[in-house]
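Here is a protein model to look at. The questions and answers that follow concern its fold and its aromatic rings.

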Amino acid sequence: MCGIVGYTGGKQAYPILIDGLKKLEYRGYDSSGIALLQDRGVSVFKKEGKVARLEEHVGVSDVASHTGIGHTRWATHGEPCDRNAHPHLSRSGRIAMIHNGIIENYAQLKTELLKDGYVFHSDTDSEVLLNFIEDIQIKNECSLEEAIRIALKRVTGAYVILLIDQAHPDTIIAARKGSPLVIGIGQNEHFLGSDASPMLAYTKEVVYINDYELAIVKPDELILKNLGNEVITPFVQKLDMELAAIEKNGYDHFMLKEIFEQPQTIFDSLRGRMDAQKNQITLSGIDAIADKIMAARRIIIVACGTSWHSALVAEYVIEELCRINVEVEYASEFRYRNPIISSEDVIIAISQSGETADTLVALENAKEQGATIFGLVNVVGSSIARISNAGSYTHAGPEIGVASTKAYTAQLAVLQLIALKIAKLKGTIDDQRFTYFIQQLDAVPEKVQWILDNQVEEIQRIAKKYSDANDVLYLGRGYNFPTALEGALKLKEISYIHAEGYPAAEMKHGPIALVDETLPVIFVATKDSYHEKIVSNIQEIKARKGKIIAIVSEGDNRVEDLAEDIMVVPNCDEIIAPLLAAIPLQLLAYYIGVERGLDVDQPRNLAKSVTVE
């Protein structure tokens, strides 16, 4: 949650900060603001709403400065409004700070500061932390760096903080715990960001800051220290990312661009790992923990949101192909219910950002109990990647649209590879079946492209027809049940229509009471071993006058005759079907959102990376 940027160097800071905030707006857009170090001191500009409103607010103001910080907010403590927007100023007005995270013991700190006569101008925990830092600095007559170090030893919660001080006009001090921070290294200049996107136009050399590290950043110097004041040597990495990857390239929205990128992103996730000619799968992450997998009592997959739906598909596939018990857990629940974990367990953590707060804490707890951690993430250098014993990257590239699309199908593709690799290691799949599934996977990018080439116009028509719906029911069986859940989530996120996904067999246990002549019911009904059963479910809905929309395999005239509207996908094995069936559901949600005049890239109340509880 929240996007942070910083710059210090020879260039004008304001344009760099504003551009960076626009690139990070997917992380939160309740308000935004910047603080600049100028000759007259620290100047703060902030405004409720998106970054465009901040630009209007700044107008023709004097923004000349070579050092500054910026923030785009996803509100936690305090409603979205000007006074709760970041940056915040300390009581003296000398120090400005931005913050991503939650300070859990802020109320106690605030009580102490109120007794000392402090007055607060916002409802945020962030302003409390800032004044706590300045209070320590004043009482101990120490440097700002030392005051930050002392304060953070007292603080509980998650944070990335960036501070500027008018006494040091070319310096940004940053610290992190539990939220991401990247520092870009230029020629006598440094860039700071929640991710690398704000600095791609300027540098490809970056340092990923670890938990409990503090950075003192000047134009010509980067000093890293731990909270014990010991100097740490920065590990510089080169970004494998192009600026075009975070631009719309002619598409109306990032979400649409990312949907249409999926033939390539799925191919990229398979490339170098699966050789259809040689009938081989190469996954070094699985090889690294092969002994643990072979001896595993069970595999536990932890994830949140869309990643949890990909985990459900993986549960079906791994149990079918590998004959290992798989449990899928919401990370947010798993971390709190004191689960029974042992060294015989393998934990697979799935996260697009690699920074999901609940997932990270769940992994830390499981690792302490001896479990082996395998991370499946999309962001190189992310926290989950670093905490894992082994892992795989999905290679989906930057995903700017808040609702996940290409990251989801990239996860599914890699999870299919993982299942096949483990099955081969365990000998639970014969050579003929192994070859068959490799061929099925190899054909997926081309089949996804077929959907995009042949179904968009029909899906637009269906979207227009049902854009005024108040409720939508999604039903599927077997491998298509998680797809129904994911389809419902996409519609909720993008169109604000109430939608629910259910196993089709559970329909008669309650949800069928919702069915009337106004309710659209979307069946994920590709041909599989459950096909006869789901046809019966369709007939039950039809008998109650529900409006039936179906995702069907090519040539399935039987379902086509029952449904009012259909979305067609190429024929494939039922294990592969979730990769194809997801595409029409993404497009349907997108076009319904567009029909309703909504901001599909930045849905209300949401943010891309959930780095707070």
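Q: What share of the contacts in the chain with a separation of 6 or more is between residues 24 or more positions apart?
A: Contact means heavy atoms within 4.5 Å. The model is predicted, so local features need pLDDT of at least 70 and side-chain atom pairs pLDDT 80 or more, while totals for chains, interfaces and linings use all residues. Numbering runs from 1 along each chain as its sequence is written, and side-chain values use heavy atoms, without hydrogens and water. Among contacts with a separation of 6 or more, the share from residues 24 or more positions apart is 72%.

Q: What percentage of the 613 residues is buried?
A: A residue is buried under 20% relative accessible area, exposed over 50% and partly exposed in between, with a 1.4 Å probe and protein chains only. By that cut-off, the buried part of the 613 residues is 62%.

Q: Is the pair of Tyr590 and Tyr591 stacked or edge-to-face?
A: Rings of Phe, Tyr and Trp (its six-membered ring) pair if their centres lie within 6.5 Å; planes under 30 degrees apart are stacked, over 60 edge-to-face and the rest tilted. The count by this rule is 7 aromatic pairs. For Tyr590 and Tyr591 the ring centres are 4.9 Å apart and the planes stand at 75°, so the pair is edge-to-face.

Q: Are Tyr590 and Tyr591 buried or exposed?
A: Tyr590 has 2% relative accessibility. Tyr591 has a relative accessible area of 12%. Both values are under 20%, so Tyr590 and Tyr591 are buried.
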